[in-house]
Amino acid sequence: MDLKLSSVNIHNIWHYPSSSSLRHLYHLRVEGCHNLKYLFPSFLVKHLVQLKILQIWDCNMMEQVIFTDGLGAEDQWRNHTIFSKLDLLSLKDLPKLTSFCFQNYSEFPCLTNLRLKKCPFLKAFISISVSRDEPRADHHLQASNLAHNSAVLNEKVVFPSLEKLQIQNCDSLEEIIEAQGLIADTSTTQSNVQETTTITFVFPKLIYLRLNKVPRLKSFCSRMHTTQWPSLKHMEVIECPKAHIFAPKCPKSQVEISNQQPLFCVNEDTFPVLEELTLKMNDMMKGICDGQLSLQCFPNLKLLNLHCFPETSTTLPYCFIQSLPKLQKLVINNASISEIVWSEGLSDKGRRTSAFYQLKELRLSKLPQLTLKTFQPSLLSFKKLTTLEVISCHGFINLMACSTAKSLMLLERLSVADCEMIEEIIACEGEEIQGSIIFPKLKYLKLSGLPSLASFSLAHHSLEFPVLQMVMVTKCPKMRKFCQGDLSTSNLQQMHVARDEEDELWWEGDLNSTIKQMFQ
C-alpha cells in the first residue's frame with residue numbers, strides 16, 4: 001500500500017495503539033504537513049514491517065519522526081531492529097527536526113539510501129535515549145545536552161546495507177558519528193585521546209557519499225578513529241569549511257595530537273575503488289597540496305573535480321598527479337594557481353615519468369594566474385586527451401607549444417573562451433618543427449571572448465584539420481587570419497560566426513578567407 005499525505009492540517013496522524021493496517025504500508029510520503037511535531041508514536045513502529053520507502057518533506061514543525069511516548073510501550077521496540085525492510089529514507093526541508101528518534105540501539109538492515117537535506121537543527125540521527133520516567137517536556141533539552149557534539153549517527157546505529165549517503169544544508173552538524181562513552185566537554189575529550197583505542201568505522205557497501213554545505217562539520221568522529229570504504233566509488237565534499245579533509249593514516253606513536261581529527265585518515269587501503277572525487281572550498285586541498293598523502297591513496301581515481309580555493313596559492317604536487325594512474329578527467333575551477341603541477345625538487349628519475357598519460361578530459365576555468373607551464377610536454381603527457389576546455393585563464397599569452405600540439409593526436413574538442421591576454425593558441429618560438437602540425441581527430445573548435453587573439457598560430461608552419469566539422473568564432477576583434485602558414489580543412493564547409501548578439505553561418509571557400517571577410 002502506498003500512502004501520500006500532503007498539506008494535512010492535523011497535529012496527530014496515528015495516535016491509537018491498534019493500527020494493524022500499517023502492516024501493509026509499503027511507501028509513505030508526508031509533505032507540507034506543518035502542524036505535525038512527530039510522525040509516529042513509538043508504539044506503532046512495530047507495525048511498520050513492510051515499509052520500504054519513507055519520505056518526509058517540508059513539515060515546518062516536525063521535531064522528531066518517532067516520538068517516545070512515555071507510556072512504557074517503547075520497551076517493546078527499544079534495543080531491537082526497527083524498519084526491518086526500509087530501503088529509502090529521505091528527510092528534507094524540516095527546519096525544526098533535531099533527531100529521527102530517541103533510542104539506545106538501532107539497526108536498519110535493508111536501508112540502502114539515506115538523504116538528509118535542509119535540516120538546520122539536526123544534531124543526531126538517533127539521540128541517546130532518555131528515561132521514560134522523565135517528563136516529556138524535558139526530552140529535547142536532555143537530548144541537546146547529551147548530543148553536545150552534534151553528530152548524525154552514534155556508533156550503535158548500524159547500516160550494513162547502506163549504499164548512498166547524502167547530507168546537505170544541515171547547519172548544526174559537527175560530526176557524522178557520535179562516539180559513546182566520551183564526556184561531551186571538549187577539553188576532556190581532547191585530553192583522553194591518547195588514552196583511547198583507535199576506533200575503525202567500516203562502510204562495507206557504501207558506493208556514493210555526498211557532504212554538501214555542512215558548515216560546522218569537522219570530522220567523522222572526535223575520537224581517534226579510522227574509516228574504511230571498500231566499495232565507495234563516488235565522493236563529494238562541498239563547502240564544509242571547518243573540515244580538514246585528508247590526512248595520512250599513521251601509527252599511533254606517530255600521530256600528532258591536534259585539536260581536530262581529519263574527515264578522512266587515509267592510506268592505500270582507505271579508498272581502494274574510488275573513481276570520482278569532488279572537493280569544493282578553500283581548505284579542501286590541505287593534505288593533497290602539502291604532499292602529506294602517500295603515493296597510492298587513490299589507485300582507481302578517474303575523475304578529480306576541484307573547485308573554489310581562490311584565496312591561497314595552490315599547486316598539485318607532481319608526485320600526487322603521478323600517483324593517479326587511471327585519471328581520465330581533471331576539472332579545476334576558481335583557483336589561485338600559477339601552475340597545475342609543482343615539480344620543484346623532483347628527481348631526474350621522476351622527471352622521466354610523465355603524468356596524465358591516461359587523461360582524456362581537461363577543463364580549466366577561472367584560473368587567472370595560470371601560465372603556459374601547465375602544458376610542459378617534458379612532465380605532462382596529453383597523448384590521450386580528447387577534450388580541452390580553457391575558460392577565464394587570463395595568465396595565458398599562448399595555450400601550448402608546438403611540440404605539445406603535435407602530441408594531441410586524439411583531441412576531438414578544443415574550446416578557449418574569455419582569456420584576456422591570449423594572443424595565439426599555438427606558439428612555436430624557439431622550436432624547430434619538421435612537417436605539419438596535424439590534428440587528426442579534431443571535430444569541434446571554439447574561440448570566444450579573446451580580445452587579444454591575433455591568430456591560431458603566428459608561426460609560418462602548416463596546419464591540418466582533416467575531420468574538422470564546426471568552427472565557432474565569437475568576440476575576437478583582433479583576429480584577421482586563422483593562421484600564417486598553409487592551412488588544410490578538407491572536411492569544413494561552414495563556420496559559425498557571432499558578431500554582436502547574432503549567430504550566423506559564414507563560408508568564403510576556406511577558413512582564412514572566411515575570417516578575413518568576416519571582419520571586413
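One term before we start: buried means under 20% relative accessible area, exposed means over 50%, and partly exposed is in between, with a 1.4 Å probe and protein chains only. This is a predicted model, so local features need pLDDT of at least 70, side-chain atom pairs count only at pLDDT 80 or more, and totals for chains, interfaces and linings use all residues. Residues are numbered from 1 along each chain as its sequence is written, and side-chain values use heavy atoms, with hydrogens and water left out.

Let's begin with a pair of charges. Glu236 and Arg210 meet through their side chains in a salt bridge, at 2.1 Å from N to O. A salt bridge here is a side-chain nitrogen of Lys or Arg within 4 Å of a carboxyl oxygen of Asp or Glu. Glu236 sits in strand β18 (residues 234-238) and Arg210 in strand β16, 26 residues apart. Strands (E, at least two residues) and helices (H or I, at least four) are DSSP runs, numbered from the N terminus. Are these two residues buried or exposed? Glu236 is buried, because its relative accessible area is 10%. Arg210 has 19%, so Arg210 counts as buried too.

The structure holds six salt bridges. Another one joins Glu239 and Lys280, with the closest N and O atoms 3.5 Å apart. Glu239 lies in the loop between β18 and β19 (246-248), and Lys280 lies in strand β21 (residues 276-280), so this pair ties together parts 41 residues apart in sequence. Glu239 is partly exposed, at 25% relative accessible area. Lys280 is partly exposed, at 25% as well.

Next, Glu361 and Arg363. Their closest N and O atoms are 3.0 Å apart, in a salt bridge. Glu361 is partly exposed at 22%. Arg363 is partly exposed at 24%. Salt bridges with shared partners join Lys329, Glu361, Arg363 and Glu389 into one network.

Now the strands. Two strands pair if DSSP finds at least two bridges between them. β9 and strand β13 (residues 164-168) run parallel, joined by five bridges. Asn113 has Lys164 as its bridge partner in β13. β13 also pairs with strand β16 (residues 208-212), again in the parallel sense and over five bridges. There, Leu165 has Leu209 as its bridge partner.

On to the core. A nonpolar core is a set of buried Ala, Val, Leu, Ile, Met, Phe, Trp, Tyr and Cys residues joined through side-chain atoms within 4.5 Å. The largest one has 140 residues. Leu54 and Phe100 are among those with the most contacts inside it. Which residues does Leu54 contact, leaving aside neighbours within four places in sequence? They include Leu28, Leu39, Val65 and Phe100. Contact means heavy atoms within 4.5 Å.

Last stop: rings. Rings of Phe, Tyr and Trp (its six-membered ring) pair if their centres lie within 6.5 Å; planes under 30 degrees apart count as stacked, over 60 as edge-to-face, and the rest as tilted. The whole structure has 18 aromatic pairs. Phe83 and Phe108 are stacked, 6.3 Å centre to centre, with 15° between the planes. Both are buried. Phe108 also pairs edge-to-face with Phe100, at 6.2 Å and 70°. Elsewhere, ring pairs link Phe203, Phe220, Trp229, Phe264, Phe271 and Phe298 into a cluster.
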